[in-house]
Structures are given as structure tokens and as C-alpha cells.
Amino acid sequence: MNATAEPAPADLRPGRIVVLLVDDQPIIGEAVRRAVASAADIEYHYCAHAGEAVAVAEALRPTVIMQDLVMPGIDGMSLVPLYRNSPILRDVPIVVLSSKEDAAVKSQAFATGAADYLVKLPDPIELIARIRHHSRAYLNQVERDAAYRALSENQQKLMEMNEVLRRLSEVDGLTGLNNRRYLDSFLDHEWPRAARERSAFSVLMIDVDYFKFYNDTYGHLAGDEVLKAVAGVVRGCARRPADVAARYGGEEFALVLPATDLEGARIVSEQICAEVRALDIPNERAAGGRITVSVGGATAMPAPGTSYKPLLEVADAALYEAKHAGKNRAMHRQHG
């Protein structure tokens, strides 16, 4: 142990006890040094200038601070709040070491934020016991705080990972569109909302024409690229935040258009057909020699307590009509 005002590197190893004495009387500093000299687990530091106490303590990171109440330049009672205002020192226990055996002064010291009050100079056995008691309580609190922070960080990371996994479970791996699972969940929530708001609700079913022939001619990898390109068109036509595009299965896609009437759905359907034709992807076994899609649309005014599934069936029937009418076109029905 040594008596010095030189700051030591921050070190909060478990069990490390560091005591800083702030007292303008070197004779007291030396007496305390001798009192704790027999305790090998206590590292002792001394600061003779109260005006430097906070800076020295922040650099030293003590586990307990002992200080006098009467010092030149600053009152000991005023020094305690300065420690408490420091983010580094605010929880470090402060033990007042005073010559005053006065209950009112003691009361004021505790009210100011001191953890203990000792009259100079206590028996070395008592002094060491109190230093160990306050230091271990502080170190235990530091460990609990660190564990809590680590737990909070891990919980936040777990929540973020769960959100990523949840989102991945709702995305089609090939096209990046929402998958059927997400579509069903979206309809479960949005259909009742539309019923409450008495708002028109439209669904488009989109199917790639002659896709089996395309796969048989150009291979499945080329077919995957076609699905990605068509998915891009469907995604691009979902222009409003409430619109949801999804891969329904195979070469079939769905586009849900809340708050959209029959005419609005018809315009979007024609746009999808036109933009897929504009992709200009050759398909030598298709009627027009190019990749096209057929669209079946259905619009309804949802009623409370009803299901959206009949609307999907109507849209599917409209798609069937478009296919049998020659493909590369859109057909629409008003449901209900």
C-alpha cells in the first residue's frame, strides 16, 4: 500500500478494494494508511486537496471514499453532492471521517448522501471492517448492474432476431414477395377492418400464362427468373402502403387492394397485364410468343361477421374466365 495522489487505472475486478481518503491533514492520511496496512486486500490512496478530490476519484475509481468535513477551500458537505453528480462516482459509498461527535452533523451528512459516519480515528479493526463492508456492497451492486445491462442487451438482440425470423417466415424465398402465410394473416386482419369502415375491398389473382410450357422449353431455372420478373411487376403495382402483393403458390400471385372499388381494381389489373407484356420475355410455345399473365379480380363491400374466402373464390373464378377467354387479359366480378 502507498499514500499517493496519482490516479490509478480504472479497475473494478471482483474483490478489489480501493479506498481514497480526502483530508487536508497529512498526519491523518498517514494514520489511516497505518491502520489499513495490515489488510492485504485493501489498496489505499490519499488526496490532500479537496478541490482535486472528484478528479482524483474519477481516475482512481475507488470502491469507497473517506473524507473529512472541514477542509480549506470547500466544505465537506458540499463535496458529497459533487461525487453524486459524477456518473462514475454517483454510487460509490462515501464515509465521512470527522472529529465532530455531533448528532445534527451526522444527520446532515447522511441527508447529503454519505453512507457512513466515523469519528476520527476509529479502531483499525472497525475501520477495516467498515471499508470492506461498504466496498463489497458497492462491488456487488456494480456486478448486478453489469449483469442487468448484459441481460437487457441479450433480450434486445433476441427480440431483433425473433423479428427477423418472423419476417423470414412470411416471405417467399424465390421472389421476395409475401408468402401465402402472410397473405392469410393480412386478410384475417384487414377484411374485418374494411367491414367496420364500410370500405370496398378488392383482390386480384394473377397467373403466368403457359408457364408449364415455358419450364418444359427453357428449364426450371429460367422459369424461376420469369417468376421473379413477374413478381417485380406485381410488387410495383402495389403502390399504396396498404396494398399487399404475395406469391399465392406456383406461378400464381395475389394482390390485395383495400379501399379499392371495382373500377380501381380493373385499372390495376390492366396495368399488370401491360407491364408483364412490356417485359418482352420470349415464350415460343405461348400464343403471342411472349410471357403474359391472366388476372382475375373480385370486389366486395365486406359485411361484419363474414369471411374473405368467398371473395378469393370469386377472384379465382374470374381468373378461370380470363384463361378460357384466351389468356393475356383481366376479368372482374363484383361479389355480393
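At 34% relative accessibility, Gly236 counts as partly exposed, a label for values between buried (under 20% relative accessible area) and exposed (over 50%), computed with a 1.4 Å probe on protein chains only. The place of this glycine is in helix 8, residues 220–237, where helices (H or I, at least four residues) and strands (E, at least two) are DSSP runs numbered from the N terminus. The C-alpha atoms of Gly236 and Ile272 are separated by 9.0 Å, the two residues being 36 residues apart along the chain.

The model is a predicted one, in which local features need pLDDT of at least 70 and side-chain atom pairs count only at pLDDT 80 or more, whereas totals for chains, interfaces and linings use all residues. Residues are numbered from 1 along each chain as its sequence is written, and side-chain values use heavy atoms, with hydrogens and water left out.

Turning to helix 2 (residues 53–60), its buried residues are Ala53, Val54, Val56, Ala57 and Leu60. They lie on the same side of helix 2, because they cover an arc of only 165° around the axis, the arc being that of the directions from the helix axis to the C-beta atoms. These buried residues pack against strand 1 (17–22), strand 2 (42–47), strand 3 (64–67) and helix 3 (76–85), contact meaning heavy atoms within 4.5 Å.

Helix 2 is followed by Arg61, which is placed in the loop between helix 2 and strand 3. Most residues other than glycine have a negative phi. Phi of Arg61, however, is positive, near 55°, and this arginine counts as partly exposed at 24% relative accessibility. Asn328 also has a positive phi near 55°; Asn328 lies in the loop between helix 10 (309–324) and strand 12 (330–335), and at 29% relative accessibility it counts as partly exposed.

Helix 3 also packs with helix 4 (residues 103–112), at an angle of about 20° and with the axes 9 Å apart; the axes are lines fitted to C-alpha atoms, for helices over the stretch in contact, and angles run from 0 to 180 degrees between N-to-C directions. Helix 3 and helix 4 are therefore roughly parallel to each other, a description that applies to angles under 35 degrees, with those over 145 counting as roughly antiparallel, 65 to 115 as roughly perpendicular and the rest as oblique. The contact is made by Met77, Val80 and Pro81 of helix 3 together with Val105, Gln108, Ala109 and Thr112 of helix 4.
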